[in-house]
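User: Hi! Could you walk me through this model in plain words?
Analyst: Happy to, here it is.

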Amino acid sequence: MKLLAGRGRLPTPGVSVHVMRLGVLDVGSNTVHLLVVDAHRGGHPDPMHSEKTELRLAEHLEGGRLSEAVAGRLVRAVARAKAAAAAAGCDDLLAFATSALRDAGNSAAVLSRVRAETGVGLQVLSGEDEARYTFLAVRRWYGWSAGRLLVLDIGGGSLELAAGRDEDPDLAVSLPFGAGRLTRERLTGDPPARGTLKGLSEDLDAALTPVARQVRRAGPFDVAVGTSKTFRSLTRLAGAAPSGAGPRVRRPSPTSGCARCTASSPGWHRPTWPAWRVSAPPARTSSWRARWWPGPRCGRWRSGSCTSARGRCARE
């Protein structure tokens, strides 16, 4: 452990606090992500280092199982992350796995191999626990003054949703509606056919409507938060500032930008998404209400009449 004194970060002047450097390893459906932070009780964590390895585990589930080759790549990625955490001076490494390993039929064997060859014990989170941890992170970021939160996280393999006023949500749900999973299993054409999109929209409406009823019963929310890269991409399409502008830049994300693009894209079926109308949207609700984007350019851009941010709807 390291000892930190002064520098305006102490709860009481002249009192020292123990700062621990932690490594957090997240094995997701698409990437293996290591984040190194300096943390102490009662204080915010300071990110010190971050690195990712792209494995796309969910794309390599053959018959519901991870192949030996893919498991080997996972072992090597975890070993590199462990070495990077040690080089960064981490006192401890917390390692978690989510949807891809949760769904793999041979997850127990893969986890045993990872532990045997790297010494890292991956803890597989349940979908509900994943939703709860994400909610806790959002609560810590926004604080109590944000009121009641609705938190949504679209990963590669699953969708997590949580709502509540405290640190532990009143509602925590995980559904197999990750962006990568739906693309692989349902959107086989490029571009996908109108009927395919309509069928997917209707199936999602049917599956999400009961969840929306649960959210309504849990009570109205004050702030809705989308936490994943999928939401970040949607806000960029709607004209929000890029990540390079910094984390403190205000990023309003009007739905009109994406709505115009989807409405004008050839062959695009614009879904109504009634399941997500969980309550009267507050003024601060932003990215989660954006529509899905079917491609890198919209029909109006091709014809020169797109009126969205900067005159185009490009992925950047």
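Analyst: One term to begin with: contact means heavy atoms within 4.5 Å. This is a predicted model, where local features need pLDDT of at least 70, side-chain atom pairs count only at pLDDT 80 or more, and totals for chains, interfaces and linings use all residues. Residues are numbered from 1 along each chain as its sequence is written, and side-chain values use heavy atoms, with hydrogens and water left out.

User: Great. Which residues is Leu74 in contact with, leaving aside neighbours within four places in sequence?
Analyst: Leu74 contacts Val27, Val32, Leu55, Leu57, Leu101, Val110 and Val114.

User: And which residues have the most contacts inside the largest nonpolar core?
Analyst: They are Val27, Leu57, Leu74 and Leu101, in a core of 30 residues. A nonpolar core here is a set of buried Ala, Val, Leu, Ile, Met, Phe, Trp, Tyr and Cys residues joined through side-chain atoms within 4.5 Å. Buried means under 20% relative accessible area, exposed over 50%, and partly exposed in between, with a 1.4 Å probe and protein chains only.

User: Which helix gives the most to this core?
Analyst: Helix 1 does, with nine residues. Helices (H or I, at least four residues) and strands (E, at least two) are DSSP runs, numbered from the N terminus.

User: Which residues of helix 1 are buried?
Analyst: Val70, Ala71, Gly72, Leu74, Val75, Ala77, Val78, Ala81, Ala84 and Ala85.

User: How far apart are the end C-alpha atoms of helix 1?
Analyst: They are 29 Å apart, which agrees with the 28 Å that its 20 residues should span at 1.5 Å a residue. That expected span is 1.5 Å times one less than the number of residues. After helix 1 comes Gly89, with a positive phi near 80°.

User: Back to Val27. Is it buried or exposed?
Analyst: Val27 has a relative accessible area of 2%, so it counts as buried. It lies in strand 2. Beyond residues up to four places away in sequence, Val27 touches Val32, Leu57, Leu74, Phe96, Ala97, Thr98, Leu101 and Leu122.

User: In which sense do strand 2 and strand 7 pair?
Analyst: Parallel, over six bridges. Two strands pair if DSSP finds at least two bridges between them. Leu25 has Ala95 in strand 7 as its bridge partner. Strand 7 also pairs with strand 8 (residues 123–124), again in the parallel sense, over two bridges, and Phe96 stands opposite Gln123 there.

User: Last one: what order do the four strands of the open sheet follow?
Analyst: The order is 11-10-9-12, with mixed pairing. Its edge strands, strand 11 (171–175) and strand 12 (223–226), each pair on one side only. Strand 10 (residues 159–164) and strand 11 pair in the antiparallel sense over five bridges, with Ala162 opposite Ala172.
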